[in-house]
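Please keep the sequence and the model side by side while reading the paragraphs below, which go from the whole chain to single residues.

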Amino acid sequence: NHTINITPALSIADNARISPVIYPVPANDELIVEMDNISDYKVALFNTLGQNFNITSKEVDANKLSLNTQNLANGVYLIRFENGTIVDTKRIIVRH
């Protein structure tokens with residue numbers, strides 16, 4: 001016997017809550033992420049192979065986060081935002 005668990009997909013309303021403004025793109029030494037209540041989210045950075053990068057981040061205020069990208073190699077990265085059942089991923093580029 002096999003059990004298949006089916007979870008409901010995010011509704012349009014859930015997905016609409018994730019609308020970060022990310023700049024500059026491409027990032028050089030710093031990347032700014034602005035989003036309502038960003039301090040409520042777990043933010044993680046991955047490369048395209050799925051490797052997690054523990055980068056230094058600084059909360060500027062409840063709606064703005066600064067990520068230090070100085071030590072990252074040039075390339076494409078993914079930022080993952082997670083808050084309970086709300087999960088979204090955005091693509092960024094780092095170029096020095």
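A contact, as the word is used here, means heavy atoms within 4.5 Å. Among the contacts in the chain between residues at least 6 apart in sequence, 55% join residues at least 24 apart. The model is predicted, with local features requiring a pLDDT of at least 70 and side-chain atom pairs counted only at pLDDT 80 or more, while totals for chains, interfaces and linings use all residues. Residues are numbered from 1 along each chain as its sequence is written, and side-chain values use heavy atoms, with hydrogens and water left out.

The chain contains one helix and eight strands, where helices (H or I, at least four residues) and strands (E, at least two) are DSSP runs numbered from the N terminus. Followed along the sequence, these elements give the pattern α-β-β-β-β-β-β-β-β. Of the 96 residues in the chain, 26% are buried; buried means under 20% relative accessible area, exposed means over 50%, and partly exposed lies in between, with a 1.4 Å probe and protein chains only.

How are the strands arranged in the open sheet of four strands? Their order is β1-β2-β6-β5, with antiparallel pairing, and two strands are said to pair if DSSP finds at least two bridges between them. In general, strands of a sheet pair through backbone hydrogen bonds, either parallel or antiparallel. The edge strands of this sheet are β1 (21-23) and β5 (57-61), each of which pairs on one side only. From one strand to the next the twist averages 20 degrees, with axes taken as lines fitted to C-alpha atoms (for helices over the stretch in contact) and angles running from 0 to 180 degrees between N-to-C directions.

Within this sheet, β2 and β6 pair in the antiparallel sense over five bridges, and I32 stands opposite S66 in β6. S66 in β6 also has K58 opposite it. Strand β5 is joined by four bridges to β6 (residues 64-68), the two running antiparallel, and S57 stands opposite L67 in β6. Two residues lie between β5 and β6, which form a hairpin.

Most residues other than glycine have a negative phi, and most peptide bonds are trans. Y23 and P24, however, are joined by a cis peptide bond with omega of about -10 degrees, and another cis peptide bond, with omega of about 5 degrees, joins V25 and P26. P24 lies in the loop between β1 and β2 (30-34), and P26 also lies in the loop between β1 and β2. In the loop between β2 and β3 is N37, which has a positive phi of about 55 degrees although it is not a glycine. N37 counts as partly exposed, at 43% relative accessibility.

Another asparagine, N47, is placed in strand β3 (residues 42-47). Is N47 buried or exposed? With a relative accessible area of 11%, N47 is buried. The side chain of N47 reaches the backbone nitrogen of L49 at 2.9 Å, and a polar contact of 2.5 Å joins the side chains of N47 and Q51. A polar contact is a pair of N or O atoms within 3.5 Å; within protein, one must be able to donate a hydrogen and the other to accept it, and residues adjacent in sequence count only if both atoms are side-chain atoms. When its neighbours within four places in sequence are left aside, N47 is in contact with F53, V76, Y77 and L78.

Rings of Phe, Tyr and Trp (its six-membered ring) pair if their centres lie within 6.5 Å, and planes under 30 degrees apart count as stacked, over 60 as edge-to-face and the rest as tilted. By this rule the count is one aromatic pair. F53 and Y77 form an edge-to-face pair, 5.6 Å from centre to centre and with 85 degrees between the planes. Because F53 lies in strand β4 (residues 52-53) and Y77 in strand β7 (residues 75-83), the pair ties together parts that are 24 residues apart in sequence. F53 is partly exposed, with a relative accessible area of 28%, whereas Y77 counts as buried at 5% relative accessibility.
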